[in-house]
Amino acid sequence: MSLPLTPFAQTGQALVTPWQQLQPVGRGEMSWLWFKLYDATLYSESGRYQPGRYPQALSITYARAIERQDLLEATAAEWQRLGLGSESERQRWLARLATLWPDVAPGDKLVFYVDEQGSGHFWLRDRLLGSLDDPAFAPAFLAIWLTDDSRDPALTRRLRGQS
């Protein structure tokens, strides 16, 4: 599925991406041991965290190179750990993500934008990678960072604007 061009406006020479119309909710950093992995920012229409209320966007700016396969494995592990989606849903989602996600390099910004209908769209360096229309996908993907049982509760609170 590709996005219609209407939600994105051309202003002068710059493309206005959909999350640029949203307000930041919170920001945080993910580190492993003493290595910074990425900075993350959550956006919403109101600037407040409201689960299941879209549009929302999660922006991740990578500080390290990470291979696509490692991103997929980490995503699969978190869905499994959190009990999100059925096994067949997780496999279907991962198969789609494998066709969308590239390896990331330091400074790459990956944005997951969820539109008003709940469809998820991935962007890298302000270029649309592709979309997933499954209504269960967006909440499952965002839960990796936003659920109370996330791997990094302090990051979750910061993204939700709670600290």
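Glu73 sits in helix α1, which covers residues 68-82. Helices here are DSSP runs of H or I with at least four residues, strands are E runs of at least two, and both are numbered from the N terminus. The model is predicted: local features need pLDDT of at least 70, side-chain atom pairs count only at pLDDT 80 or more, and totals for chains, interfaces and linings use all residues. Residues are numbered from 1 along each chain as its sequence is written, and side-chain values use heavy atoms, without hydrogens and water.

Glu73 is partly exposed, at 45% relative accessible area. Partly exposed lies between buried (under 20%) and exposed (over 50%), with a 1.4 Å probe and protein chains only. Patch members have over 30% relative accessible area and no salt bridge; like charges are joined within 9 Å, nonpolar side chains within 5 Å. A salt bridge puts a side-chain nitrogen of Lys or Arg within 4 Å of a carboxyl oxygen of Asp or Glu.

A nonpolar surface patch consists of Trp32, Leu33 and Trp34, with about 470 Å² of accessible area together. Trp32 belongs to strand β3, residues 23-32. Trp32 counts as exposed, at 54% relative accessibility.

Now the whole chain. The protein chain has four helices and eight strands. From the N terminus, their order is β-β-β-β-β-α-α-β-β-β-α-α. Buried residues make up 44% of the 163 residues in the protein chain. Along its principal axes, the C-alpha trace spans about 45 × 35 × 30 Å.

How values were computed
Areas by Shrake-Rupley, 256 points an atom, 1.4 Å probe, with all protein chains shown as cover.
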